[in-house]
Amino acid sequence: MEPVPTSPRIERKLVVILAADVVRFSSHMEHDEERTLQLLTERRKLIDELIEAHAGRITGTAGDSVVAEFASAVNAVDCAVKIQRNIMRVNAKEGEHGGLSFRIGVNVGDVMVKDADIFGDGVNVAARLESLSEPDGVCLSRGVHEYVRKLTSYVFADLGEQYVKNIEQPVRAYRIVFEDGEPVMSEEDEPSQEALDVEPHEPPEYELAFWESIRDSDVVAEFEAYLDKYPEGAFAALAAERLRALSEKKDEPELPEADPVELAYWESIKDSENAAMFQTYLETYAEGAFAAIARLKVAQLG
């Protein structure tokens with residue numbers, strides 16, 4: 001009997017999604033098609049360059065919309081702010097036509113990947129947040145806001161729980177406050193205007209390697225280990241969202257309970273910087289309660 005062909009495994013990953021769309025695009029097209037398409041081409045060039053500069057990747061375009069993914073929530077939000085600042089500046093120079101304005105939504109979530117494009121609720125929520133945004137504005141999900149509010153000086157307005165199309169649960173939304181074409185900054189540690197134009201930094205080499213080793217995992221302890229070591233790391237927002245998603249899975253397997261001897265042994269080595277000690281633990285307790293964390297320690301310290 002010939003083997004029954006199986007569907008290829010769907011790739012999944014956790015990312016920060018930016019969704020942008022032109023305000024009243026159909027009206028612009030009705031008024032002046034050629035000029036609107038010219039402006040759209042110019043604005044898309046600006047947007048594409050900023051996404052690339054902030055270590056993002058464009059995953060989908062359809063007419064007047066853009067979807068991009070980022071590994072860093074801060075990079076995604078900074079990118080969104082700079083897109084709106086720059087577009088408002090160039091629009092101010094336009095004459096009668098008035099330029100094109102965009103709405104932007106930013107969400108963090110688990111997505112499916114097919115042919116380099118991304119799909120799923122994470123993308124859908126980003127699109128719904130975009131629709132909640134004001135023209136020239138940026139709207140964030142709770143997960144993105146909770147992370148970037150600690151690491152940026154932007155001022156946010158809480159929009160509360162929002163019920164949006166085709167999403168069963170309400171979405172808690174926040175908008176970044178703009179005034180006269182610039183994001184309003186909190187008085188504490190307010191950065192200079194030049195600081196808004198600083199290029200984003202790549203995550204440190206060891207942190208990046210740590211994240212790459214766990215990003216597709218279904219083990220809660222591995223994301224807890226990442227957040228314990230890098231509470232404000234480049235991927236902390238993604239790790240926190242993954243923990244939340246895993247905790248909601250009804251079939252999530254629990255770690256086996258450690259016996260007193262194993263627990264005592266783990267307590268004696270858990271803060272060590274010696275990879276050999278964690279390797280010895282794994283040789284003794286290959287399926288132990290702390291095996292996942294031990295493997296991470298070996299990979300990090302080895």
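How many helices and strands are there in the chain? There are eleven helices and ten strands, where helices (H or I, at least four residues) and strands (E, at least two) are DSSP runs numbered from the N terminus. The model is predicted, so local features need pLDDT of at least 70 and side-chain atom pairs count only at pLDDT 80 or more, whereas totals for chains, interfaces and linings use all residues. Residues are numbered from 1 along each chain as its sequence is written, and side-chain values use heavy atoms, with hydrogens and water left out.

Of the 302 residues of the chain, 47% count as buried; buried means under 20% relative accessible area, exposed over 50%, and partly exposed in between (1.4 Å probe, protein chains only). Among contacts (heavy atoms within 4.5 Å) with a separation of 6 or more, 66% are accounted for by residues 24 or more positions apart.

Helix 2 covers residues 33–53. Its 21 residues reach 30 Å from the first C-alpha to the last, close to the 30 Å expected at 1.5 Å a residue, the expected span being 1.5 Å times one less than the number of residues. At the N-terminal end, Asp-32 caps helix 2, with a side-chain oxygen 3.5 Å from the backbone nitrogen of Glu-34. Helix 2 is followed by Ala-55, whose phi is positive, near 60°. The buried residues of helix 2 include Leu-39, Leu-40, Arg-43 and Arg-44. The elements against which the buried residues of helix 2 pack include strand 1 (11–22), helix 3 (73–92) and strand 4 (102–114).

Charged side chains supply further links. A salt bridge is a side-chain nitrogen of Lys or Arg within 4 Å of a carboxyl oxygen of Asp or Glu, and the count by this rule comes to 13. One of them joins Arg-57 and Glu-69 (2.9 Å, N to O). Arg-57 lies in strand 2 and Glu-69 in strand 3, so this pair ties together parts that are twelve residues apart in sequence. Arg-57 is partly exposed, at 30% relative accessible area, while Glu-69 counts as buried at 10%.

Arg-242 counts as buried, at 11% relative accessibility.

Within helix 5 (residues 142–151), Glu-146 and Arg-149 are three residues apart, about one helical turn, and their side chains meet in a salt bridge (3.2 Å, N to O). Finally, Arg-142, Asp-158, Glu-161 and Arg-172 are linked in a network of salt bridges.

Definitions and conventions
Polar contact = N/O pair within 3.5 Å; in protein donor to acceptor, adjacent residues only side chain to side chain.
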